[in-house]
Amino acid sequence: MASEKELFVTKQYVPTGEPISQNDHTLIYKVRCLAEPGHPDGILKIYRKQNIQKLYSQLKILDYSEWPHIYSVKYFDDSTLVVEEFLKGSTLAELLERNKIRGTTFSEEDAYHIMEQVCRYIEELMGLQPQIIHHNLKPSNIFVTSTGRVKFLDFVPDYKKKRTSLGGILNILGSIFHEMLTGKKPEKQKCTCGKRYESVIRKCLEKNPEKQYQNMKEVESDLEYARNQVIEEEERESIGMPYTLTLPFQGIILSFEWILLVFFHETDNLPSCILFVLIFFIHLGCFTLRRHSYISKREVSIGAARALLPFLALGAVFVCLYFAVAFLIVPTMA
């Protein structure tokens, strides 16, 4: 006579092929749920040598939208078997890897929608009695469905590690958010994303508990505030640079000084020419140093091309102004 476990995997939740994932602790199959109405596809997870029936039975009873619907939970032969609904979409880890191959990143809007859901779900679960904390939160356990909904996978903690505190969760979220926006994890837990959500990420990565967020509601509030900020210039959007240190503002003043310099040079007014040479290059040097110092203090990493391109564009403007003054303005005054 067939055992209950054999009936479970041969008559109720039947694997449709070879394991889709396996390691020393977990074995995962895609299954046909013959015990469920309509016989939908599902995912069978076998947690070897782990009795986590209580955890997943609680999740099954709650049946929140934060995780896949759980069809069945059984404990056989020192292993826990969990059958969940089959989701269409990709894990966040798969999406990050896909972006890495393509050389792209998440848009700010897409990253916001994912993080907003993740933070809201964590807040809701921590508010339960007893609370549920996802002690295995990482990109491979955050699933994004084809409709853009976020689902948490694999609530099973790694018992070799300490259970995750709020501070630990915040560090994980900051690292994930940073990677979505830049394609890279923050080096030494420092934020270098240079985006409008930089302040949120910095506070999530903060090591001092007194300076960290005290609850998930604060994270959600700052996310919403940052999203609604109106940022007028691309430079200010990327590194929060004051308007007085941007090329458009300083470029107008430098261009006016350059016009006078060229004019006095072409009209052989040597004293005035020397004066404006000094003014122009002192102004240009101070502006460049202040701009570089500001970027360095913000710990923003930008490429050489991006750093030089605005100055090359300004140089092209100076060349055009030189020819305009030397060959159009001065000759008409002679």
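Here are some notes on this predicted model, point by point.

1. **Ground rules.** This is a predicted model, where local features need pLDDT of at least 70, side-chain atom pairs count only at pLDDT 80 or more, and totals for chains, interfaces and linings use all residues. Residues are numbered from 1 along each chain as its sequence is written, and side-chain values use heavy atoms, with hydrogens and water left out.

2. **The overall picture.** The protein chain has eleven helices and nine strands. Both kinds of element are DSSP runs numbered from the N terminus: helices are H or I with at least four residues, and strands are E with at least two. Of the 334 residues in the chain, 40% are buried. Here buried means under 20% relative accessible area, exposed means over 50%, and partly exposed lies in between (1.4 Å probe, protein chains only). The accessible surface comes to about 19,100 Å², and 57% of that belongs to carbon and sulfur atoms. Those areas come from the Shrake-Rupley method with a 1.4 Å probe; for residues, only the protein chains shown count as cover.

3. **Contacts along the chain.** Take the contacts (heavy atoms within 4.5 Å) between residues at least 6 apart in sequence: 59% of them join residues at least 24 apart.

4. **Strand β3 and its partners.** Which strands pair with β3? Strand β1 (residues 13-15) does, in the antiparallel sense over three bridges; β2 (residues 21-22) does, antiparallel with two bridges; and β4 does, antiparallel with seven bridges. Pairing here takes at least two bridges found by DSSP between two strands. β2 and β3 form a hairpin with three residues between them. Six of the eight residues of β3 are buried, so the strand is largely enclosed by the rest of the structure.

5. **Who faces whom.** Let's follow a few residues across the strands. Valine 14 has arginine 32 in β3 as its bridge partner. Isoleucine 28 in β3 stands opposite serine 21, and its bridge partner in β4 is lysine 45. Threonine 26 stands opposite tyrosine 47 in β4, and tyrosine 47 has threonine 80 in β6 as a bridge partner.

6. **Strand β4.** β4 (residues 41-48) is joined to β6 (residues 79-85) by seven bridges, and these two strands run antiparallel. Six of the eight residues of β4 are buried, so it too is largely enclosed by the rest of the structure.

7. **Two loop residues worth a look.** Histidine 39 sits in the loop between β3 and β4. Its phi is near 50°, a positive value in a residue other than glycine. Lysine 49 is in the loop between β4 and α2 (53-62), and its phi is also positive, about 55°, although it is not a glycine. Histidine 39 counts as partly exposed because its relative accessibility is 38%, while lysine 49, at 71%, counts as exposed.

8. **The nonpolar cores.** A nonpolar core is a set of buried Ala, Val, Leu, Ile, Met, Phe, Trp, Tyr and Cys residues joined through side-chain atoms within 4.5 Å. The largest one has 48 residues, and those with the most contacts inside it include Tyr56, Phe152 and Leu173. Helix α4 (residues 108-126) gives the largest share of this core, nine residues. Apart from it lies another core of 14 residues, among them Cys273 and Phe276. As background, nonpolar side chains tend to be buried together in soluble globular proteins.

9. **Two tyrosines.** Tyrosine 56 touches Tyr47, Val82 and Phe155, among others, not counting residues up to four places away in sequence. Tyrosine 112 is in helix α4 and counts as buried because its relative accessibility is 4%. Leaving aside neighbours within four places in sequence, its contacts include Phe177, Leu223 and Arg227. Tyrosine 112 and methionine 180 are 68 residues apart in sequence but 9.6 Å apart in space, C-alpha to C-alpha.

10. Elsewhere, the peptide bond from glutamine 129 to proline 130 is cis, with omega near -5°. Proline 130 is in the loop between α4 and β8 (142-145).
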